[in-house]
Every structure is written in C-alpha cells, then in structure tokens.
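Have the 3D view open as you read.

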Amino acid sequence: MKGFKNCKAYIEGEGIVTTCIGVENGKIAYIGNDDTNIESYADMDGKIVLPGFIDEHIHGAAGCDAMDGTAEALKQIAEAIASEGTTGFLATTMTQSVENIERAMFAVKEYRSVSRETGAELLGVHLEGPFISPDYIGAQPLEYVIKPDSDIFDRFNEACGGCVKLITMAPEESGAEEFIKHAVKNGAVVSIGHSGAGYETVCKAAEWGASNITHTFNAQKGVHHREIGVAGSALLLDSYNCEIICDTIHVSVPAIKLVIKNKPHDKVTLITDAMRAKHMPDGVSELGGQTVYVKNGEARLANGALAGSVLKMNVAIKNLVNNGVSFTDAVDFATINPAKNLKIFDKKGSIKIGKDADFAVVDDEMNVALTVRGGNVIYRG
C-alpha cells in the first residue's frame, strides 16, 4: 500500500511522532512502526506529514472565481490551491444577482457530479451574501444586497445539489430569525458577517442557531466599550467559531493574538478569503464585477477597501508560527477546527485510521512538498 515510511507526522491524539502511515482505498488504513508493506509517496527527510488543510472561505485563485459559474473555473481553483497543502474547500460566492449566484450553484453541482482525482476536494458552498447589511458591505456590491429570504436560500441550495455548507448573513436584518433557523435545519452553518449587529442581536442569533463569525474584525461592527458589536461578541461568546485571515494585512498581529487568547482552542479557523488574483502576478484583477488592484500581497478596490486576499493557506500557518503561535495550534486552526465547524471531522481534519487519506507534507519553512487527497497525489513540489 501507498503511504509514508518512518516519517514525522502529526497524529490525532499523539502529537508529532515518528511513525509509518499506510493508505488503502483512499483511507488511512495503518499507523504504526511496520513499514514492510508501504510504498512511500516521497522522500520524507526533513519533512513532516500534516492533515490536509481545509479552506472554508475562498472565492478564487489562478485567475478564476467561483462566481465565474463554470466547472472549469472550479477545477482551476481546486488544482491551484493543492500547491498550498489544501485538500478541501468551500466555493465561496459573493453578493450578486440571484441569477448569477444560481448560475454559480449549477456549476458547483456539475463539478461535484464527476469523480475527480486532481485538485482539492470541493466540499460544498459558502454563500457570502446576498443577505448582508448595506452598511457593512466591504467589497460586496451594494445594489445586490437583499433581506434574508428562506425561499431564495432553498433555490440556491437546490441548484448546487444541497451542498450549501456555510452562509454569511447579517442577523440584524428583518426576517433573520426565520432564515437562520431554516438554514440550520437544512444543514448549513450560519455565519455572522458584513453585519452591524450589536451584542444582544449576536446573542439572539446564537439562540436561533448561528455559530460562526465571518472573517473576524473585517466588515462588521467593531468593539466599543458601550457596545461590543459583532467583533467583541465573537470574542466573548464561546459558542462562535471565529474565522481569521492571517495575512497580517486584514488583521493585525495583536488582533490575531487577541482572538486566539480569548477563544476556546477549537473555535479559531484560518481562512484565506482569496480571490482570483491568488497565484497570479501583481496587477489589475476583478471581484464581483469590480476592478481590483493587487500589489505587494494586497488586493484593494479603487477606493482603497480590501477586496479579499491573495493569501495561501500554508503561508497563513507560517505567519502564525512566526508570531509566536505554536506549530500544532496553527495547524489545528487549518485542519481540525474547520473540519469540526463544517461537521466533517468524522472523515477529515486529522490523521487517524479510517479517515480520508488527506495530507499536506511540508518542510520546516512551511513550503509544501507534497499534497495527497483521498490517497492520490494532487501536488508535488
């Protein structure tokens, strides 16, 4: 069987140990000291085997975007992010016309209908909007913002084949209670984002079933000593999982540390929020019909507003480690935690017998040497 011989690996429940890992039929079949029947994927000298990374919030890469509405665009994204050690992702939409979002949903259904051995796995959809606050649009186009609408959610969910896994919305908008309860009932994780909600509303949203905070600190009501807003409530309420864009541009290093210090360990999740300019040279790009200017790792609209990122997931982990976060904690934030948040930890997010054979092999600088998804090599550096 394929696998890894006498390698350093981050094993669930054991930490980083020297061991052997065997893979059969796309699953982790063996963890132990016997390498007799293992054919190694690669030379493991100076490298470590990690669980494959999961990106629950990514719009695009390699010149393509989930809103392009084609299976080919999704394929290009999936194959590009494999080079970051990412083995699973949610195709993230943005606030656009209902028709354009629905077209993106049809493309997801088409892409997922075919068994694929290349690229990261498209785990489902993250709907970022259109049910957001017009006062906290960030880089979302204002003209397409609408009130929470369960019927439209159902339309999107049906179009993608029932795989809406995460939805960003503003709980202060009218109709939010019914919408949140309906989305959760239909298997989606509801995330507060692009929102001006105050503490009381964030508490109510938790009661209704919301459990995630979209790109914490960004495009949401910030902390004030008389009203702690979305960001302060995210830090205070243990039930919420906090997404963070750890490019040190969207969120400062002290703010990142503030989140990590205040949240339970399993309630911090790294995201890239990357757009089509990732893996592309600096220059002019596009997001939701808006011109984006990319320079020195920053993607901004003409008015200076940040417009997603060009962050790679392995770099996000490296940024944390370089700023004092322990290596295993940083890895957990990109593996175990998103898997738990998306309710797929029984299959993904850690190295354990019976789970999917999803691995990111990195060196001590977090450069990716090998990415394996379902037992198949999807990237070799």
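What follows is a walk through the pocket and cavities of this predicted model.

Let's start with the largest pocket, which holds about 310 Å³ of space. Its lining is made up of 19 residues, and those closest to the pocket centre are Gly46, Ile48, Phe327, Asp363 and Asp364. Three elements each supply at least two residues of this lining: the strands β1 (2-11) and β2 (15-24), and the helix α8 (313-322). By class, eight lining residues are nonpolar, four are polar and seven are charged.

How many cavities of 30 Å³ or more does the structure hold? There are two of them. The table sets out their volumes and the classes of their lining residues.

| Cavity | Volume | Nonpolar | Polar | Charged |
|---|---|---|---|---|
| Largest cavity | about 60 Å³ | two residues | five residues | three residues |

The largest cavity is lined by Pro51, Gly52 and Ile54, by Thr87 and Gly88, by Lys348, Gly349 and Ser350, and by Asp356 and Asp358.

Around the second largest cavity you will find Thr248, Val253, Ile256, Lys257, Asn319, Leu320 and Asn323. Two helices, α7 (253-262) and α8, each give two or more residues to this lining. Which element provides the largest share of the lining here? That is α7, with three residues.

Note on methods. Residues numbered from 1 in each chain as written. Predicted model: local features only at pLDDT ≥ 70, side-chain atom pairs only at ≥ 80, totals over all residues. Heavy atoms only, no water. 1 Å grid on protein atoms, 1.4 Å probe; cavity = no way out; pocket = protein on both sides within 12 Å on 5 of 7 lines; lining within 4 Å. Points joined across faces, edges and corners; volume = space filled by probe spheres on them. Helix = DSSP H or I, 4+ residues; strand = E, 2+ residues; numbered from the N terminus. Nonpolar A, V, L, I, M, F, W, Y, C, P; charged D, E, K, R; others polar.
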